[in-house]
Amino acid sequence: MKNGILIVSVFALLISLTGCDSLSTKDSEPLEYEPIVTHPSKTLTLPQNQLMALDWHSPHRRGGRIDNKRMVAGGGVEFDIYFPSSDPRDNEVTYVSSGEGGFGILSGRNIWGYERFSLKFTLVSINGKTGAPEMGKKLMVGALIGPTSTGKLSVYEPVILSLDGPEKVAVSTTTMRSKKVYQIGFHARMDNPMEWGKSSAMVRLRVEPVENAGPVPEMVPLGTKQ
């Protein structure tokens with residue numbers, strides 16, 4: 001009898017130490033946790049590989065053209081843009097990706113939850129020069145989103161670039177006014193044609209992803225002269 005009492009006591013002690021209760025079905029049920037939900041940044045941007053994938057620019061009209069594009073160390077893509085002249089028909093370029101899109105989807109990417117589209121622009125050189133001789137020339141650029149399948153692009157925030165110190169770098173932000181998006185990219189135009197002269201020009205423009213772009217600015221329609 002003493003041996004039986006000893007065995008029962010040892011068994012009870014083991015149960016209390018391990019916290020196990022084989023007689024309770026409630027404690028053996030698996031615990032359920034709320035799934036972790038992550039929300040995207042409010043700012044939609046294009047990473048380096050998507051910037052390299054841009055492959056279309058105003059084939060239906062006169063204008064500038066992209067002569068070369070290449071990845072740069074540290075992120076971003078550089079575009080060599082050739083403007084035939086300062087004539088209004090030649091002094092701008094629209095460069096976008098027109099991949100498959102639709103309601104809430106852009107080239108296979110879910111765009112729900114984003115409020116704005118932003119890109120960082122750096123004016124690297126004009127006609128191979130990076131300083132004072134070209135300071136009079138200014139370039140207007142903007143991050144573009146096209147909400148339709150017809151090629152018509154949305155409004156955008158124009159920013160001005162020049163080779164004059166702080167104006168070499170700017171961020172352009174466009175409001176996401178629709179979840180039905182088919183095109184995304186950027187627009188560039190000579191801002192003060194009288195300073196560029198009548199001859200052609202080669203512009204090197206660096207375009208990079210950007211996060212935390214700040215407040216959404218006022219927009220203007222594409223083609224509006226500033």
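**Burial, confidence and charge pairs**

Modeller: Of the protein's 226 residues, 39% count as buried (under 20% relative accessible area; exposed is over 50%, partly exposed in between; 1.4 Å probe, protein chains only). This is a predicted model: local features need pLDDT of at least 70, side-chain atom pairs count only at pLDDT 80 or more, and totals for chains, interfaces and linings use all residues. Residues are numbered from 1 along each chain as its sequence is written, and side-chain values use heavy atoms, with hydrogens and water left out.

Biologist: In which element is confidence highest in the protein?

Modeller: pLDDT is the predictor's confidence in each residue, from 0 to 100. The mean for the protein is 75, and 64% of its residues reach 70 or more. Helix α1 (residues 2-18) is lowest, at a mean of 46. The highest, at 96, is strand β14 (residues 201-208).

Biologist: How many contacts beyond near neighbours in sequence does the stretch 213-226 have in the model?

Modeller: Contact means heavy atoms within 4.5 Å. Residues 10-26 stay under 50 in pLDDT and have one contact beyond four places in sequence. Residues 213-226 are also below 50 in pLDDT. Their count beyond near neighbours is 37.

Biologist: Which residue pairs with Glu78 in a salt bridge?

Modeller: A salt bridge is a side-chain nitrogen of Lys or Arg within 4 Å of a carboxyl oxygen of Asp or Glu. The whole structure has eight. For Glu78, the closest N and O atoms of the pair are 2.6 Å apart. The partner is Arg206.

Biologist: How many residues apart are Glu78 and Arg206?

Modeller: Glu78 sits in strand β3 (residues 77-83) and Arg206 in strand β14. The pair links distant parts of the chain. The separation is 128 residues.

Biologist: Which residue meets Glu167 in a salt bridge?

Modeller: Glu167 lies in the loop between β10 (159-162) and β11 (169-175). The partner is 29 residues away, in strand β9 (residues 138-146). The N to O distance is 3.0 Å. The partner is Lys138.

Biologist: What is the relative accessible area of Lys138?

Modeller: Glu167 is partly exposed, at 29%. Lys138 is partly exposed too, and its value is 25%.

Biologist: Which residue's backbone nitrogen does the side chain of Thr45 reach?

Modeller: Thr45 is in the loop between β1 (43-44) and α2 (48-52). Thr45 counts as buried because its relative accessible area is 7%. A polar atom of its side chain lies 2.9 Å from the backbone oxygen of Ser118. At 3.0 Å, the side chain also reaches the backbone nitrogen of Val210.

Key:
Helices (H or I, at least four residues) and strands (E, at least two) are DSSP runs, numbered from the N terminus. A polar contact is a pair of N or O atoms within 3.5 Å; within protein, one must be able to donate a hydrogen and the other to accept it, and residues adjacent in sequence count only if both atoms are side-chain atoms.
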